[in-house]
Amino acid sequence: MRPRILARLSFRAKITLGIAALLLGCAAPSIWLASNMAALELMDEIKARGAVLAENLASRVTDSMLADDLLRLKNMADEIAAVDDINYAFIMDAEGRVLASSFTGGFPVELIGVNAAPQKGPPSVRLLNASGEFIYDFAAPVVIAGTHFGQVRLGLSRSRHQARIDRLTAAMAGVAGAALLLAVGAGMLFARRVTRRINALREHAEEVVKGNLDIRAGTHLRKNCWEIMQCGLLNCPAHGDAERRCWRLAGTLCPDCKGKSPRDKTLSCVNCKVYQRNKGDEIQDLTETFDVMSAALSARLSELRDAQGTLASQERLLRVILDATPDHVALLDANLRYLAVNKAYALFLGLPPSAIVGRKDGEFYPPGEAAEREREFAGVLETGRPLSKEAAIRRAGREGWYHVQVGQAPGPRDGSPAVLRTDREITQIKEFREQLIQAQKMEALGKLAGGVAHEINTPLGVILGYAQLLQEDVPEGGQMREDLLAIEKQTLICRDIVADLLKFSRQGEGRRRRVLLDGALREAIGLVERSFALHRINLVYDPGPDDLPVMADPERLKQVWINFLNNARDAVGESGLVSVTARKIAPDKASVTFADTGSGILPEYVEKVFDPFFTTKPVGKGTGLGLAVSYGIIKDYGGELTVQSPAPAGAFAGKEGQGDKPGPGSAFTAILPLSPGGLDEAGTQKDF
Amino acid sequence: MTAPRFALLALLAFVLAAAPGCGPDEEPIPVDMSRREEPAPAAPKRGLTYAYLPQYAHAVSYQRHRLLVEYLSKAVGMPIRQVFPDTFDEHVKMVARGEIDISFSNPFVYLRLAEHGARAFARIVEPSGKPAFRGQIIVRRDDPAIRSVADCRGKRWMAVDPSSAGGYLFALGEFYDHGLREEDFGAIGFAPGPGGKQEKVVLAVYSGTWDVGSIREGALALLADRIDLDRIRILAETRAYPSWVYAARPGLDPEVVRKVSQAMFALSVNRPDDAVILQSANIRGLIPATDADYDSVRELAKKLGLTPETIQ
């Protein structure tokens with residue numbers, strides 16, 4: 001219990017109590033000892049004095065005893081009893097009769113027997129208790145010429161001396177008490193001074209805990225080194241610093257301690273007058289060490305904050321990069337739980353990233369797919385070999401192609417291996433790649449077709465020539481004539497096919513000049529108008545408000561338009577509407593759209609309509625080369641050709657005669673770059 | 001027990017052990033001071049009284065004459081006790097009143113006793129072996145101014161005591177014989193008492209404080225090993241006068257006087273027991289005396305103009 005009470009006391013109270021206890025502990029036994037020793041000394045002194053007085057009296061009474069001078073004996077007894085601390089004196093003869101005494105009103109007879117002087121030698125001393133008063137009784141022999149003549153008795157009050165000792169002890173106690181009070185007062189002042197500094201240190205420590213590291217607890221020095229040494233070194237770090245002492249600073253320029261560390265300085269500065277003046281005590285050392293600590297802490301914290309800031313900005317940067325990338329990035333730990341995902345992947349899964357982290361694929365994918373993914377991850381984790389593949393992944397009703405890369409990565413926490421999966425969507429790339437393959441195939445086919453047509457053209461000419469020659473030899477109406485006509489007809493078909501093949505193979509050829517789209521369109525329309533009318537197909541041409549000049553070979557352009565018109569007529573069949581619209585869609589681009597109300601194109605064929613030899617027409621009705629040739633020409637002129645089926649809703653707006661049974665229809669649009677500058681008058685006029 | 005506590009206890013034990021006298025105090029004896037009685041009056045003392053002229057302190061007188069008194073008491077067959085008058089005058093008066101039976105005094109006091117009817121019956125033999133003694137006048141040997149007694153005129157004289165026979169009166173008689181009176185001296189002083197007065201006179205002359213000194217014969221020997229006696233010159237010696245005297249009070253039984261005298265005269269320095277008694281009393285022996293033996297002293301007194309009243 002006692003230590004707890006002590007522990008609860010303030011440091012100041014402890015110091016004060018400690019000083020008081022120490023002083024009390026020293027003073028009380030000292031006073032006790034001193035008073036005892038004084039009492040003892042005094043008692044010895046009293047005894048010695050009493051003995052001397054008694055002996056003296058014994059020697060003085062001899063003459064009077066010899067002379068039987070009782071008056072003088074009485075006088076002597078009275079004289080000595082008149083001394084302050086002497087209670088009584090009396091003289092007895094050898095027979096034990098009291099010759100004279102200082103008593104009046106009878107003699108206390110009990111006194112006679114309590115003490116007896118020896119025959120010779122020092123007086124006998126007895127302590128008497130006379131009703132509470134303590135008296136030393138001295139009995140000194142009266143010896144004359146070796147003969148015992150009697151004795152003198154002397155009573156010396158011990159009580160009076162005891163009172164003196166008590167007064168002395170009380171005075172000592174009083175002085176000690178006053179000294180104690182003074183010391184306690186001084187101790188309190190001292191404790192206050194010490195605890196004030198400790199409390200200041202504590203307050204500063206609390207400030208530090210609160211985060212205020214810029215405070216200084218150090219005492220303000222009245223004179224620091226630059227004032228004491230008068231060095232004039234203005235660029236010294238100690239110059240002007242009245243809070244820290246120079247030997248605690250690194251890099252000071254004082255010639256006596258330049259280049260020394262603070263530790264070495266403390267050793268070598270012991271004899272320096274600056275040190276001797278300002279060395280202070282342990283609390284000051286502590287305070288300064290505390291300041292250094294808080295300053296160092298502040299610096300470290302600021303460094304840490306900077307580092308944290310850099311780290312955070314880098315993390316943000318990385319996060320931005322990761323989130324900005326369209327690739328799906330996911331990091332999984334060794335247990336195949338998600339550690340981190342980027343925004344793209346979260347969007348892909350349709351969940352916020354926080355809902356993904358810490359979970360497994362089984363919660364996001366169908367069981368089969370999840371098992372497959374986890375098998376792959378496990379394989380990568382086990383072997384350490386990266387996995388790279390292309391895979392079609394279906395999600396939210398849409399299938400996409402992805403380039404999947406799975407690799408091992410060091411785990412961010414404990415360094416155990418993790419798995420990084422990156423899915424890059426390549427659906428479009430894959431399409432382009434297929435288109436490229438297609439284009440290469442077409443090119444090869446064109447070359448092959450051109451070669452074959454060229455080789456076939458000559459024998460076909462021979463066959464046709466001979467067939468026509470034979471017709472002249474065969475009379476009309478005969479079977480032979482009919483057969484020859486059939487040969488001629490079929491040979492002519494073959495020649496058309498060969499001619500188309502040749503056109504296909506010669507796509508890059510032809511002379512280009514500036515022509516107006518309108519002219520080529522009107523020429524083509526004029527060629528098919530009659531045929532459209534026969535099939536009750538309403539052909540509507542909308543040339544638009546602008547002149548649309550392009551750089552092209554007008555013949556080839558016309559061929560393209562005729563191909564579109566023929567295709568439209570074939571798609572419509574009997575009764576329908578074909579609209580031709582030319583528009584300037586950009587300052588440097590123009591479009592021409594052929595829309596029909598025909599049967600349209602099946603979705604699976606939409607991408608193949610420009611392939612050579614792709615046709616939905618019956619055998620003999622089309623070569624499958626028309627749209628391929630048109631596609632090649634438009635591309636050759638730097639344009640684009642697209643198809644839409646069914647035809648866009650607004651394609652026939654406000655146009656009548658869509659036929660009896662209008663189909664979904666289709667729309668072919670050619671976009672051509674416009675030619676800057678004026679028209680080539682000659683070319684255009686000649687063609688028209 | 002922890003070390004600090006142990007140390008504290010050890011310190012306390014040390015302090016307690018070091019404190020002297022802290023043990024139990026001496027046991028006081030209870031005394032009832034209120035029980036009082038008047039002391040019984042002393043019974044009157046019996047026997048002969050013997051007194052030695054109080055030339056010294058009583059204790060000295062007692063010491064010197066104790067053995068002699070004891071011897072006489074035994075020899076006479078009756079108790080004899082020594083009494084101690086405080087002054088010469090009281091001595092004389094006590095003899096006159098009959099309180100002193102046997103008086104031992106110097107010759108001048110005897111003259112007074114004789115006036116009161118006391119009679120001499122014995123006198124002592126001085127340590128010198130003679131029943132008489134002289135006075136001596138001393139000066140410094142190197143004092144050129146004093147070559148004879150007459151040269152003492154106007155000088156400063158220190159004597160032993162105004163009542164001293166050998167130390168003053170005998171010398172004064174000598175000066176009278178040489179025509180010098182008291183007033184002829186520059187100053188007359190007496191040695192300060194008590195005790196050692198003879199020696200003090202010698203030392204006063206020796207140190208030059210006084211020019212002339214008067215002492216009893218034999219006194220110089222007392223200082224033989226303490227000062228250089230060669231520096232003292234005995235200027236003159238007085239004639240010899242009879243020595244100290246025993247006198248019986250008037251009215252004392254002559255038979256008693258006879259017995260005492262006989263016992264006194266029987267003492268011999270040659271017997272060891274007697275020698276102790278005699279040496280203790282500083283005498284060599286005792287011889288019979290008569291009143292007439294002191295006529296020379298009476299003459300001197302007459303010469304000096306001393307009456308029994310003026311002799312101290």
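The model is predicted, so to speak: local features need pLDDT of at least 70, side-chain atom pairs count only at pLDDT 80 or more, and totals for chains, interfaces and linings use all residues. Residues are numbered from 1 along each chain as its sequence is written, chains are lettered from A and ligands numbered from 1 in the order in which they are written, and side-chain values use heavy atoms, with hydrogens and water left out.

Chain A splits into domain 1 (8–169), domain 2 (225–303), domain 3 (325–425), domain 4 (432–503) and domain 5 (509–687), with bounds that come from an automatic or database domain assignment. Between the C-alpha centres of domain 1 and domain 5 of chain A there are 158 Å. Chain B is assigned domain 1 (48–130 + 242–295) and domain 2 (135–239). Their C-alpha centres are 29 Å apart, and 5 residues from each of these two domains of chain B take part in the contact.

Now for a sheet in chain A. Helices (H or I, at least four residues) and strands (E, at least two) are DSSP runs, numbered from the N terminus, and two strands pair if DSSP finds at least two bridges between them. Five strands form an open sheet in the order E8-E7-E11-E10-E9, with antiparallel pairing. Strand E8 (338–341) and strand E9 (387–395) of chain A each have a single partner strand, so one side of each is left without a neighbour in the sheet. From one strand to the next, the twist averages 25°. E9 and strand E10 (398–410) of chain A are joined by 9 bridges; in E10, A:Gly400 is the bridge partner of A:Ile393. Helix H12 (367–383) of chain A lies across strand E7 (328–332), E8, E9, E10 and strand E11 (417–425), at about 125° to E11. Such angles run from 0 to 180 degrees between N-to-C directions, with axes fitted as lines to C-alpha atoms, for helices over the stretch in contact.

Of its 15 lining residues, A:Cys225, A:Met229, A:Cys246, A:Cys254 and A:Cys257 lie nearest the centre. Helix H6 (225–229) and helix H8 (273–278) of chain A each give two or more residues to this lining.

Key:
Contact means heavy atoms within 4.5 Å. On a 1 Å grid over the protein atoms alone, a cavity is a set of points where a 1.4 Å probe fits but cannot get out, and a pocket is an open set with protein on both sides within 12 Å along at least five of seven lines; lining residues have an atom within 4 Å of a point.
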